[in-house]
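The sequence and the model are shown first.

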Amino acid sequence: MTDSLAVVSPAPMEGHGAYNRSSRVQAAGLSPAVPLLEQAAKTAALELLPQPVIVADYGSSEGHNSLGPLAVAIRTLRKRAGPGRAIWVVHTDLPDNDFTALFQTLAVDPNSYLRGDSAVFASAIGRSFYEQLLPSSSVTLAWSSWAVQWLSRLPAQIPDQVQIAYSQDPAARAAFARQAAEDWRTFLVHRGCELRPGGKLVVLTMAVDEAGNFGYRPLLEAMYAALLDMVKEGFLGAEEARRMVIPTVGRSRSDFVEPFADSGSFNGLSIEQMEVFLSEDRIWAEFENNGDARGFGAQWAAFSRASVFPTLAAGLATGRAGSRAITFVNRLEADVAARLAASPERMLIPLAKLLLLKQ
């Protein structure tokens, strides 16, 4: 690396199946996009025989949240392709993703799309989707959920928060906005190359609502307050805390549309459907039902531990490895859980779903 803002690993997870166990928020959010994926599977142009039908899963993590959507897509494609036609599913994520958990999930989960169809094959690629991963004009159907909100690099430090949405620093906000625009275009460029003519891509990702709200405010405020307390206590150094940034963005409707604004297409892709919507907070719904404030706090803290705490731990002087990182993550989880349990609030969860066509 040449400097502290060099290319980062956008979403290093805890591994060992932690993301699979603590991804209820993601599972709830992707549900509204599954009918869009089914529609895409019904209408995407199929390759001529004997070529396999290639389905790409961009940002698969440990696989649990891919099972349901991909099973729907594969059943739909099977009806069109006929029995015995090879369907090849390619999962992609960063090199430090827990691919062991991914393949164990595919092998043993009762909801695995591999069950009952011997002509479906699975593989994985350990590289960033901000580069081309598959041969040009090879992909029939593509799916990406809860992934493209992660930036390819950290464009700036955030002096007053861990997430740019709640920073008051104009320079940091501008840097993140520029990087988010560049990364969205880069993602689209490579998907436009990989999709075959008539191929389709469905994206589910974080967004901001019409008022520009990113959501998750109580969670992020609890997280930042916990880090500041660790600095006061001397467990964290001020420089370590300064490096602790979550490099995610929520894009607006206009951000998604911008690359297509001039001609209606971008690198051969066009938007067939797009919607920004609010996802259900199932953890809040459970709290309303049972009144268990400790459970509410614990579930949101576990979600954060699996999805973003490893990214924060990378700011430690010793990195994500070693006993200090484990202590840090344990302390942060306990503190965030206690803060949220003390004052439970519903989380605002803005998401966007898009269906894109390769012309």
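In this predicted model, helix α10 (residues 282-290) packs against helix α11 (residues 293-307) at an angle of about 170°, and their axes are 9 Å apart. The two helices are therefore roughly antiparallel to each other. On the α10 side the contact is made by Ile-283, Trp-284, Glu-286 and Phe-287, and on the α11 side by Ala-293, Phe-296, Gln-299 and Trp-300. Classified by residue type, this contact of α10 with α11 comprises six nonpolar, one polar and one charged residues.

The loop between α3 and β1 holds Pro-50, and the peptide bond from Leu-49 to Pro-50 is cis, with omega near 5°. As a rule, most peptide bonds are trans.

The sheet comes next. Seven strands form an open sheet of mixed pairing, in the order β3-β2-β1-β4-β5-β7-β6. Strands β3 (120-126) and β6 (269-278) stand at the edges with a single partner strand each, so one side of each is left without a neighbour in the sheet. From one strand to the next, the twist averages 15°. Within this sheet, strand β1 (residues 53-58) and strand β4 (residues 139-145) pair in the parallel sense over three bridges; Asp-57 stands opposite Trp-143 in β4. Helix α4 (residues 64-81) lies across β1, β2 (87-93), β3 and β4, and runs at about 155° to β2.

Ser-145 is located in strand β4 and is buried, its relative accessible area being 9%. Beyond its neighbours within four places in sequence, Ser-145 is in contact with Leu-30, Tyr-58, Gly-59 and Leu-204. Trp-146 belongs to the loop between β4 and α6 (170-194). With a relative accessibility of 7%, Trp-146 counts as buried, and its phi is near 55°, a positive value in a residue other than glycine. Ser-61, in the loop between β1 and α4, also is not a glycine and has a positive phi of about 55°. Ser-61 is buried, with a relative accessible area of 5%. In general, most residues other than glycine have a negative phi.

Not counting residues up to four places away in sequence, Gly-268 touches Leu-357, Lys-358 and Gln-359. Gly-268 and Gly-192 are 76 residues apart in sequence, yet their C-alpha atoms are 5.9 Å apart in space. Glu-275 lies within strand β6 and counts as partly exposed, at 36% relative accessibility. With residues up to four places away in sequence again left out, Glu-275 touches Arg-253, Leu-351, Ala-352 and Lys-353. Glu-275 and Leu-70 are separated by 205 residues in sequence and by 21 Å in space, C-alpha to C-alpha.

Note on methods. Residues are numbered from 1 along each chain as its sequence is written. This is a predicted model: local features need pLDDT of at least 70, side-chain atom pairs count only at pLDDT 80 or more; totals for chains, interfaces and linings use all residues. Side-chain values use heavy atoms; hydrogens and water are left out. Axes are lines fitted to C-alpha atoms, for helices over the stretch in contact, and angles run from 0 to 180 degrees between N-to-C directions. Helices (H or I, at least four residues) and strands (E, at least two) are DSSP runs, numbered from the N terminus. Angles under 35 degrees count as roughly parallel, over 145 as roughly antiparallel, 65 to 115 as roughly perpendicular and the rest as oblique. Contact means heavy atoms within 4.5 Å. Ala, Val, Leu, Ile, Met, Phe, Trp, Tyr, Cys and Pro count as nonpolar, Asp, Glu, Lys and Arg as charged, and the others, Gly among them, as polar. Two strands pair if DSSP finds at least two bridges between them. Buried means under 20% relative accessible area, exposed over 50%, partly exposed in between (1.4 Å probe, protein chains only).
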